[in-house]
Amino acid sequence: MSNVDPQELAKFSELAHRWWDPESEFRPLHQINPLRLEWIDARVGGVAGKRTVDVGCGGGILAESMARRGAQVLGIDLAGKPLKVAQLHAMEAGVQGLAYREVAAEALAAEQPGSFDLVTCMEMLEHVPDPASTVRACAQLVKPGGWVIASTINRNAKAFLFAIVGAEYVLRMLPRGTHEYAKFIRPSELARHAREAGLDAVAGCGLEYNPLTRRYWLSEDQSVNYMLAFRRP
């Protein structure tokens, strides 16, 4: 598939062995995952029993947590090493209802259109060359009445200061070069991609962080990190 950046795959593959270390570069993902999971669960009326695909699943932090809640989860990614880490962790933990595949969202959408009750796409859209293509694939994957939930980073001066300067250079929460400012996506742009793909915007929230208390929380402020929930009519 053309909608992939080899440098992005290499970047996350190099760190794959550290994905499940809560004190590693992936600490922020471990910290925000419970918040995201609760928000997703509340939006969709519970993930239990829902056929779910997690697009850009990486090492499987969200995919595994949804499966533990009773969802039937398929995690997909194009980075082979993180997928192997995800598979091994799920196997060691004995998690049921969880599978992984190395496949592009666009390819899976062509293969299994309208097959999923829930599609999640977390912190992935800002790492692909054509986020609109990924959103279209998500819209094609979900059943009528189903949900698509995506998270990404806003594009503005505050987001540059917080997500790049602060997180990568000052606090060193993430490796330098994790994000490119030009690839950040405004909520209005993500909403437009979804609307053009046939999805209706339903809800949204922001994710904030206090570097002194090292605490994350959900809020109405979408100026930096945010999640949007869409539904297929």
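1. The largest cavity holds about 40 Å³ of space, where a cavity is a set of points on a 1 Å grid over the protein atoms alone at which a 1.4 Å probe fits but cannot get out, and where lining residues have an atom within 4 Å of a point. Grid points are joined across faces, edges and corners, and the volume is the space filled by probe spheres set on the points. This is a predicted model, in which local features need pLDDT of at least 70 and side-chain atom pairs count only at pLDDT 80 or more, while totals for chains, interfaces and linings use all residues. Residues are numbered from 1 along each chain as its sequence is written, and side-chain values use heavy atoms, with hydrogens and water left out.

2. The lining of the largest cavity consists of Cys121, Val135, Cys138, Val148, Ala150, Leu190, Ala194, Leu199 and Phe230. The elements that contribute two or more residues to this lining are α6, β5 (142-153) and α8, helices being DSSP runs of H or I with at least four residues and strands runs of E with at least two, numbered from the N terminus. By class the lining has nine nonpolar, no polar and no charged residues, given that Ala, Val, Leu, Ile, Met, Phe, Trp, Tyr, Cys and Pro count as nonpolar, Asp, Glu, Lys and Arg as charged, and the others, Gly among them, as polar.

3. The count comes to two cavities of 30 Å³ or more, and the second largest cavity has a volume of about 30 Å³. Its lining is formed by Arg36, Glu123, Ser151, Leu207, Leu218, Asn225, Tyr226 and Met227, with strand β8 (residues 225-231) giving the most, namely three residues. These lining residues divide into four nonpolar, two polar and two charged.

4. Which residue forms a salt bridge with Glu123? The partner is Arg36, and the closest N and O atoms of the pair are 2.5 Å apart; a salt bridge here is a side-chain nitrogen of Lys or Arg within 4 Å of a carboxyl oxygen of Asp or Glu. The pair links distant parts of the chain, since Glu123 lies in the loop between β4 (116-122) and α6 (131-141) and Arg36 in helix α2, 87 residues apart. Both Glu123 and Arg36 are buried, a word that means under 20% relative accessible area, whereas exposed means over 50% and partly exposed in between (1.4 Å probe, protein chains only).

5. The backbone of Glu123 also deserves a look. Most residues other than glycine have a negative phi. Glu123 has a positive phi of about 50 degrees although it is not a glycine, and Glu123 counts as buried because its relative accessible area is 16%. Arg172 likewise has a positive phi, of about 55 degrees, without being a glycine. Arg172 is found in the loop between α7 and α8, and it counts as exposed because its relative accessibility is 63%.

6. The structure holds 16 salt bridges, and one of them joins the side chains of Glu25 and Arg18 at 2.6 Å, N to O. Glu25 counts as partly exposed because its relative accessibility is 23%, and Arg18 counts as partly exposed because its value is 30%. Another salt bridge pairs Arg192 with Glu196, the closest N and O atoms being 3.9 Å apart. Both residues lie in helix α8, four residues apart, about one turn of the helix. Arg192 counts as partly exposed at 35% relative accessibility, whereas Glu196 counts as exposed at 60%. Elsewhere, salt bridges that share partners join Asp5, Glu8, Lys11, Glu180 and Lys183 into one network.

7. The second largest pocket contains about 170 Å³ of space, a pocket being an open set of points with protein on both sides within 12 Å along at least five of seven lines. Of the 13 residues that line this pocket, Arg27, Leu171, Met173, Tyr209 and Arg214 lie nearest its centre. Helix α2 (residues 27-44) gives the most to the lining, with three residues, and by class the lining has six nonpolar, two polar and five charged residues.
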